[in-house]
Amino acid sequence: MWPFLIDKAKQGGIDAIETYVFWNAHEPQQGQYDFSGNNDLVRFIRTIQEQGLYAILRIGPYVCAEWNYGGFPVWLHNLPGIEFRTKNKVFMDEMEKFSTVIINTMKDYELFASQGGPIIIAQIENEYGNIKGSYGQAGNEYVKWCADLALSYNLSIPWIMCQEDDAPHPIINTCNGFYCDQFKPNSKNSPKMWTENWTGWFKAWGSRDPLRTAEDLAFAVGRFFQYGGTLQNYYMYHGGTNFGRTSGGPYITTSYDYNAPLDEYGTFATCLDFDPGCDLSMSMEEVLTYGEVNHTEYGHLTTV
């Protein structure tokens, strides 16, 4: 099904595919790795490459994604002395082992852009800024350790941290949200990136069905590039289904449709056909990314 879905995304104007890497899927038992079937990450990245698209690899390995345990394998919880996502040797040792396996696997198959492959960006950790304050100084030291770990792989591609305002240079901090036009990276030398443009929201039992209009989404994209944006990713472009017990909680449904342009079954949602918007944005690529930004106030809260 991957070639079908990736081709559909390409038809919609997408030129890069973002993907998380799920630790609990690839290392269900400590030290035992699974890259078979739907866990065949190499095949997935190669399929992206065969379609002539780029890939953005979000290793995490904490991913959230409304996925059970945030993508952590259950065995991790039972390691003596462990504390998740902070300066804790037990956790950091396991995180480094897993991250290194993923990096080396991608390297072995020459899938990074520096090797001629499609992976142009990699991500370490995920939305850590949302919780870092509760860890105090240990959280700050953990962020620095994550950055040092990422850079130690010498991939010659950019590394990002989303929702992490204090990402150490040269790690690029990025924005997640419904609107990111006012977001500013923490370095003047960093591009303005939007790693998650939320096309909708996840479904939960007993809650209303979330909906975001195509008009609002298109406006948010245009405004982001108007204010100096360089990259934006639809989260999700195809949501799909979380089978079995992979859905996280509380009370999140197995459907991860997310009001995405490609619905749960892989067909274009009629209310979210982005072809015209993507074509227009691509036709203005040079102006949007290299042009000068000027603002004119017309009063009545109107700025162009």
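Author: Glutamine 232 is buried, with a relative accessible area of 16%. The cut-off for buried is under 20%, so glutamine 232 falls on the buried side. The model is a predicted one.

Start with its place. Glutamine 232 sits in strand β7, which covers residues 229-235. Its side chain has a polar partner: the side chain of asparagine 197, at 3.0 Å. Now look at what else touches it. Leaving out neighbours within four places in sequence, glutamine 232 is in contact with Trp194, Asn197, Val221, Phe224 and Phe225.

Follow the chain from here. Strand β6 spans residues 192-198 and helix α7 spans 214-226. Between them runs a loop, and tryptophan 201 is found in that loop. Tryptophan 201 counts as partly exposed, at 33% relative accessibility.

Arginine 223 pairs with aspartate 181, and their closest N and O atoms are 3.3 Å apart. This pair links distant parts of the chain: arginine 223 is in helix α7, aspartate 181 is in the loop between β5 and β6, and 42 residues separate them. The two ends differ in cover. Aspartate 181 is buried, at 9% relative accessible area. Arginine 223 is partly exposed, at 23%.

The structure holds 13 salt bridges. One of them joins the side chains of lysine 132 and glutamate 164, with 3.0 Å from N to O. Lysine 132 lies in the loop between β3 and α6, and glutamate 164 in the loop between β4 and β5, so the pair ties together parts that are 32 residues apart in sequence. Both ends are under cover. Lysine 132 is buried at 10% relative accessibility, and glutamate 164 is buried at 2%.

Another salt bridge stays inside one helix. Aspartate 148 pairs with lysine 144, the closest N and O atoms being 2.9 Å apart. They are four residues apart in helix α6, so about one helical turn separates them. Aspartate 148 is partly exposed, with a relative accessible area of 38%. Salt bridges also form a network, which links Glu18, Arg58 and Glu196.

Turn to another buried residue. Threonine 47 is in helix α3, residues 41-50. Its relative accessible area is 7%, so it counts as buried. Beyond residues up to four places away in sequence, threonine 47 touches Trp2, Pro3 and Ile6.

Now step back to the whole chain. It has nine helices and nine strands. The radius of gyration is 19 Å, close to the 19 Å that the globule rule gives for 304 residues, so the chain is as compact as a globular protein of that length. Its C-alpha atoms fill a box of roughly 60 × 45 × 40 Å along the principal axes. Of the 304 residues, 50% count as buried. Among contacts with a separation of 6 or more, 62% come from residues 24 or more positions apart. The chain exposes about 15,300 Å², and carbon and sulfur atoms supply 53% of that area.

Conventions
Residues numbered from 1 in each chain as written. Predicted model: local features only at pLDDT ≥ 70, side-chain atom pairs only at ≥ 80, totals over all residues. Heavy atoms only, no water. Helix = DSSP H or I, 4+ residues; strand = E, 2+ residues; numbered from the N terminus. Buried < 20%, exposed > 50% of the residue type's maximum accessible area, 1.4 Å probe, protein only. Contact = heavy atoms within 4.5 Å. Polar contact = N/O pair within 3.5 Å; in protein donor to acceptor, adjacent residues only side chain to side chain. Rg over C-alpha atoms; globule rule 2.2 N^0.38 Å. Areas by Shrake-Rupley, 256 points an atom, 1.4 Å probe, with all protein chains shown as cover. Salt bridge = Lys/Arg side-chain N within 4 Å of Asp/Glu carboxyl O.
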